[in-house]
Amino acid sequence: MSGSVYAGEDAALDRGWLLGHFKDVGDPRHSEAVEIKWGVHPRGDERAQWAEGEERTALLVLISGRFRVELPGRSVLLEEQGDYVVWGRGVDHSWCAEEESLVLAVRRPSVPGYAVAE
């Protein structure tokens with residue numbers, strides 16, 4: 001890969017994920033250290049099922065829209081560009097796009113075999 005690419009187009013090929021262990025070995029986007037997602041979510045898009053048994057630390061940054069992250073014992077509303085939330089290993093979570101939203105997610109490490117049905 002060289003030159004400029006557009007995150008929105010590239011992310012659409014892999015459910016939003018731009019970088020992680022799931023990219024082909026030899027691809028510069030392959031990483032076992034980190035995963036990065038360009039998340040485009042229409043209004044009402046949600047993860048109704050909580051992600052449980054989290055093995056990574058996650059950072060979610062709001063680019064645009066209004067996005068709610070549910071964590072045990074608290075609800076975090078991201079509504080201003082740059083609002084973010086971080087949660088660590090062992091913290092279950094779910095989310096909902098209250099408005100059409102664009103979020104950047106960073107998780108570390110990139111753990112093979114981890115998937116939650118969306």
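## Leu-77 and its surroundings

Leaving aside residues up to four places away in sequence, Leu-77 touches Arg-66, Phe-67, Arg-68, Asp-83 and Glu-98, where a contact means heavy atoms within 4.5 Å. Leu-77 counts as partly exposed because its relative accessibility is 24%; buried means under 20% relative accessible area, exposed over 50%, and partly exposed in between, with a 1.4 Å probe and protein chains only.

A quick word on the ground rules. This is a predicted model, so local features need pLDDT of at least 70 and side-chain atom pairs count only at pLDDT 80 or more, while totals for chains, interfaces and linings use all residues. Residues are numbered from 1 along each chain as its sequence is written, and side-chain values use heavy atoms, with hydrogens and water left out.

Leu-77 sits in strand 6. Helices (H or I, at least four residues) and strands (E, at least two) are DSSP runs, numbered from the N terminus. The chain has 1 helix and 9 strands, in the pattern α-β-β-β-β-β-β-β-β-β along the sequence.

Now the sheet: 4 strands make an open one in the order 3-8-5-6, with antiparallel pairing. Two strands pair if DSSP finds at least two bridges between them. Strand 3 (46-51) and strand 6 are the edges, each pairing on one side only. Ignoring direction, neighbouring strands here are turned by 15 degrees against each other on average; axes are lines fitted to C-alpha atoms, and angles run from 0 to 180 degrees between N-to-C directions. Strands 5 and 8 pair over 4 bridges, in the antiparallel sense, and Phe-67 has Ala-97 in strand 8 as its bridge partner.

Phe-67 also turns up in the largest nonpolar core, among the residues with the most contacts inside it. That core has 14 residues, a nonpolar core being a set of buried Ala, Val, Leu, Ile, Met, Phe, Trp, Tyr and Cys residues joined through side-chain atoms within 4.5 Å.

Beyond four places in sequence, Trp-87 touches residues including Leu-60, Val-69, Leu-71 and His-93.

Over the whole chain, 36% of the 118 residues count as buried.
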